[in-house]
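This report describes selected local features of one protein model. Please consult the sequence and structure shown below while reading.

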Amino acid sequence: MHSQDFQRIALNPVAEGVARRSLLWFPAVVRALGQDTSPPFGAMVGDVSAASALVWSRASAPGALSVEWSTREDFRDSRKQTGAFATPESGLTAKLPLAGLPPDQTIFYRARFGSGEPTQGRFRTAPAGHRSVRLLWSGDMVGQGWGIRLGQDGIPIFDAMRRREPDFFLHSGDTIYADSPVPAEVTLADGTPWKNLTTEAKSKVAETLDEFRGNYLYNLQDAAVRRFNQEVPQIWQWDDHEVTNNWSPGKDLRDDARYREKDIRRLVERGRRAFLEHAPIPSLPHGRIYRRVSYGPLLDVFVIDMRTFRGANDANRQTSLQPFLGNQQVRWLARDLARSTAAWKIIAADMPLGLIVGDGKDADGQPRFENSANGDGPALGRELEIARLLASMKRSRVRNVVWLTADVHYTAAHHYHPDRARFRDFDPFWEFVSGPLNAGTFGPGATDNTFGIDVVFQKAPPRGQSNLPPSAGLQFFGEVEIEGRSRTMSVTLRDSAGTSLFTRELQPAS
């Protein structure tokens, strides 16, 4: 199968058919209006701008979602918006866009289905002026068997992040681990048990649509996650574990006894549909995930998709360009970066550029690679696409670009410079890595000198140790603060308690 054919399947997980069939459920929705369909998993707010936001929630039965919002906590002079429906076709999820919001205001909202009890929350809209902005980012949620631990009041890192009072949170991918079952108990190195909350959906790898959906609902059973969602708007992207580890069009599951479903195309279709149902992101053409989120004059966030458009994972040493982001996405990214007038541009990537992430070996014994990095040397294979993007940014004089990512299960600060690089047609830039949120800790990874990476800081498990539990304290999130008057960006890497590990202050170029 050609990669274009695979992308068409991945990009459109029966979305049009779902929309048509949802109309058949309208009578059931109407009948449910008088029933208690209160949201059992709370609500989330996503992709906030100065005038708009999107509210996501899930009902306990088919119902119509309404959102009442106000700039006053007592909801005096509130407004109400309707028009979204939770149906079996949508996994009982619903998304309602809010429009006409005032800029730079705290918005209080109540989300409810039918006549059910509301879920209350709040968020702040993006500024129209130059007030300071604070955002957090991380990724990798409930991986390697480390689930919601019984006996504690939620996953601790979410309370630590909430206490930082960010304007928004960037979820950098691996929002679930569909390929990572959660056992009832794991024995820690000191012999004590880690006891997990368990569900049927997390008892095996996800293959059916309902099993993929169940992975998202599992995470929402955590009390700290729901508290976080209630107060912090989010920007989501995806990576591989929303489907299965290191998936690409060439993923071969024939020897993986965990899977009865061996067709990676079907797993991608189901995994993508479940992600789009449960992520607080707007509906974009053809189920697109990459997008630009503008957060006032100080910041544009460019959310990229490093998964959908790639070719098969292989040795990645071709002298011709190999698809990774894909032509359409690269053109969009280069164009919109050049057009952006924001003081800072964040590229939200789901994988780092200069760390080598392996994917086993092919039939000839040659190593396969998961991301663009393929070892020291000139730009080859997927790296040629990254090189083309970086060169375009230099030609267009795009300034003040910072890359944020997760994926590798430790935290690091990387500086890229053409003076150290094999490919040199680009301007220097920073990349900051953080995570995991609640998964095993690994690393550090080997580096690739193609784009002149310098590891300025990293914190990872001691040498020889891997898959450390969240209780080891090596879970991480990052924080970005842009000061309103000076436009100075400060990037801080923090541990699961919120303790600062490293800070870098960046001055904007004129």
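Helix α4 is followed by Glu-165, whose phi is positive, near 50°. Helices (H or I, at least four residues) and strands (E, at least two) are DSSP runs numbered from the N terminus. The model is predicted: local features need pLDDT of at least 70, side-chain atom pairs count only at pLDDT 80 or more, and totals for chains, interfaces and linings use all residues. Residues are numbered from 1 along each chain as its sequence is written, and side-chain values use heavy atoms, with hydrogens and water left out.

Together with β8 and β9, helix α4 (residues 156–163) makes a right-handed β-α-β unit. Right-handed here means that, with the strands pointing away from the viewer, the path from the first strand over the helix to the second runs clockwise. In α4, the residues Ile-157, Phe-158, Asp-159, Ala-160 and Met-161 are buried, a term that denotes under 20% relative accessible area, with exposed meaning over 50% and partly exposed lying in between (1.4 Å probe, protein chains only). The cover over the buried residues of α4 includes β8, β9, α6 (223–231) and β22, where contact means heavy atoms within 4.5 Å.

Strand β8 (residues 133–138) is itself mostly covered, with 5 of its 6 residues buried. Two strands are taken to pair if DSSP finds at least two bridges between them. The pairings of β8 are set out below.

| Partner of β8 | Sense | Bridges | Bridge partners |
|---|---|---|---|
| β9 (residues 168–171) | parallel | 4 bridges | Trp-137 and Leu-170 |

## Two loop residues

Glu-207 is found in the loop between β11 (193–195) and α5 (209–219). With a relative accessible area of 8%, Glu-207 is buried. Its side chain reaches the backbone nitrogen of Glu-261 at 2.8 Å. Leaving aside residues up to four places away in sequence, Glu-207 touches Phe-212, Arg-258, Tyr-259, Arg-260, Glu-261, Leu-267 and Arg-270.

His-286 is placed in the loop between α7 (264–278) and β13 (291–294). This residue counts as exposed because its relative accessibility is 59%. From C-alpha to C-alpha, His-286 and Ala-363 are 35 Å apart in space, and they are 77 residues apart in sequence.

## Aromatic pairs and charges over rings

Rings of Phe, Tyr and Trp (its six-membered ring) pair if their centres lie within 6.5 Å; planes under 30 degrees apart count as stacked, over 60 as edge-to-face and the rest as tilted. By this rule the count comes to 19 aromatic pairs. Phe-423 and Phe-426 are stacked, because their ring centres are 6.4 Å apart and their planes stand at 5°. Both of these residues, Phe-423 and Phe-426, are buried. Phe-423 also pairs with Phe-451: the centres are 6.0 Å apart and the planes at 80°, so this pair is edge-to-face. Since Phe-423 lies in the loop between β19 (411–416) and β20 (429–433) and Phe-451 in the loop between β20 and β21 (453–459), the pair ties together parts that are 28 residues apart in sequence. Phe-451 counts as buried, at 3% relative accessibility. Ring pairs link Trp-403, Tyr-416, Phe-423, Phe-426, Phe-429 and Phe-451 into a cluster.

A charge sits over a ring if NZ of Lys or CZ of Arg is within 6 Å of the ring centre and within 35 degrees of the ring normal. Arg-110 lies over the face of Phe-75, at 3.7 Å from the ring centre, and Arg-307 over the face of Trp-247, at 5.8 Å.

How values were computed
A polar contact is a pair of N or O atoms within 3.5 Å; within protein, one must be able to donate a hydrogen and the other to accept it, and residues adjacent in sequence count only if both atoms are side-chain atoms.
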